[in-house]
Amino acid sequence: MTAPAFGLRTASHADFPFARRLYLSSMQPLLTALDAWNADEIDCAFRGYFIPDEVRFVTIDDEDVGWFQVSKTDAALWLDQLHLVEDVRGQGIGTALIHKVIADATAQGKDVNLSLIKGNPAHALYRRLGFRRTSEDETKLHMRYETDTTG
């Protein structure tokens with residue numbers, strides 16, 4: 001499947017309301033299913049997570065349709081967030097974004113790590129793209145994509 005044409009733009013603090021709405025709408029059903037939804041705690045945590053310098057917004061025809069966040073450590077890139085509006089899910093955009101993160105990590109000689117809420121349908125996508133589960137906790141699965149750094 002070829003993703004529709006989309007662009008990326010740098011985030012700013014003004015993007016916080018859109019990112020927050022999309023994040024909460026994505027997380028609420030998953031966390032509710034695990035009996036782990038606490039709106040105040042989740043909202044407070046999100047305020048700490050959203051770092052505009054790490055965030056890129058996904059656009060189609062100059063309209064925001066999602067966002068993703070990547071942070072870095074010495075050993076890995078972390079795909080911290082990836083959220084798309086419902087209308088564009090399943091069209092290959094998420095796959096294209098993940099491939100971009102993997103390519104960036106490979107170029108830097110790093111692996112890619114991520115954590116996702118249990119029950120998230122994106123789990124199948126991550127597995128298909130080569131991510132493997134490294135651990136889990138009450139609500140999350142932790143996964144890694146190991147790049148070939150042997151050159």
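This section describes the strand pairing and the nonpolar cores of a predicted model.

β2 takes part in two antiparallel pairings. With strand β1 (residues 7-10), β2 forms 4 bridges in the antiparallel sense, and within this pairing R9 has F57 of β2 as its bridge partner. With strand β3 (residues 63-72), the antiparallel pairing of β2 runs over 6 bridges; here V58 stands opposite G66 of β3. The hairpin of β2 and β3 has 2 residues between the strands, and D61 adopts a positive phi near 50 degrees in this hairpin.

The largest nonpolar core comprises 24 residues, of which L79, I98, Y126 and F131 have the most contacts inside the core. At least two residues of this core come from each of β2, β3, β4 (76-84), α3 (93-107), β5 (111-117), α4 (122-128) and β7 (140-145). The greatest contribution is that of α3, with 6 residues. When residues up to four places away in sequence are not counted, Y126 touches L79, L82, I98, L114, L116, F131 and M143. Another core, of 16 residues, lies apart from the largest one and includes A19, Y23, L24 and F46. In soluble globular proteins, nonpolar side chains tend to be buried together.

Note on methods. Residues are numbered from 1 along each chain as its sequence is written. This is a predicted model: local features need pLDDT of at least 70, side-chain atom pairs count only at pLDDT 80 or more; totals for chains, interfaces and linings use all residues. Side-chain values use heavy atoms; hydrogens and water are left out. Two strands pair if DSSP finds at least two bridges between them. A nonpolar core is a set of buried Ala, Val, Leu, Ile, Met, Phe, Trp, Tyr and Cys residues joined through side-chain atoms within 4.5 Å. Buried means under 20% relative accessible area, exposed over 50%, partly exposed in between (1.4 Å probe, protein chains only). Contact means heavy atoms within 4.5 Å.
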